[in-house]
Amino acid sequence: MIFPEAIGFGQTPLMTPIRVRYDADADAAYFCFADVIHPGEAVLTVPVGGVSIDGIVNLDVDAQGRLLGLEVLNARRLLRPEILPSE
């Protein structure tokens with residue numbers, strides 16, 4: 001899923017669109033910032049903390065410290081409804 005109206009926030013469009021995958025069974029959404037994430041490319045998963053939310057947010061980072069993707073668990077509660085497919 002791509003949100004062209006949000007890409008670049010009214011600025012120059014991003015070269016690589018952000019894609020969103022959703023797993024309904026796990027209620028998990030993954031925002032992919034790379035064209036392809038190869039097995040083993042994400043060398044570090046960083047849990048986002050310091051904020052009290054009813055869910056889990058993790059950042060996947062490559063060996064150069066670049067952000068590859070963002071995982072949201074309990075996605076239906078944490079994300080706006082228009083981001084996820086209808087139930």
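Visitor: What is the relative accessible area of I37?
Guide: This is a predicted model, where local features need pLDDT of at least 70, side-chain atom pairs count only at pLDDT 80 or more, and totals for chains, interfaces and linings use all residues. Residues are numbered from 1 along each chain as its sequence is written, and side-chain values use heavy atoms, leaving out hydrogens and water. Buried means under 20% relative accessible area, exposed over 50%, and partly exposed in between (1.4 Å probe, protein chains only). I37 is partly exposed, so its value falls in that middle range: 27%.

Visitor: Which residues does I37 touch, not counting those up to four places away in sequence?
Guide: I37 sits in the loop between β2 and β3; strands are DSSP runs (E, at least two residues), numbered from the N terminus. With contact meaning heavy atoms within 4.5 Å, I37 touches Y30, C32 and L68.

Visitor: Is N58 buried or exposed?
Guide: N58 belongs to strand β4 (residues 56–61). Beyond its neighbours within four places in sequence, N58 has contacts including V46, L70 and E71. Its relative accessibility is 10%, so N58 counts as buried.

Visitor: Which strands stand at the edges of the sheet?
Guide: Five strands form an open, antiparallel sheet in the order β1-β2-β5-β4-β3. Each edge strand has a single partner, so one side of each is left without a neighbour in the sheet: these are β1 (19–23) and β3 (44–47).

Terms used: Helix = DSSP H or I, 4+ residues; strand = E, 2+ residues; numbered from the N terminus. Pairing = 2+ DSSP bridges.
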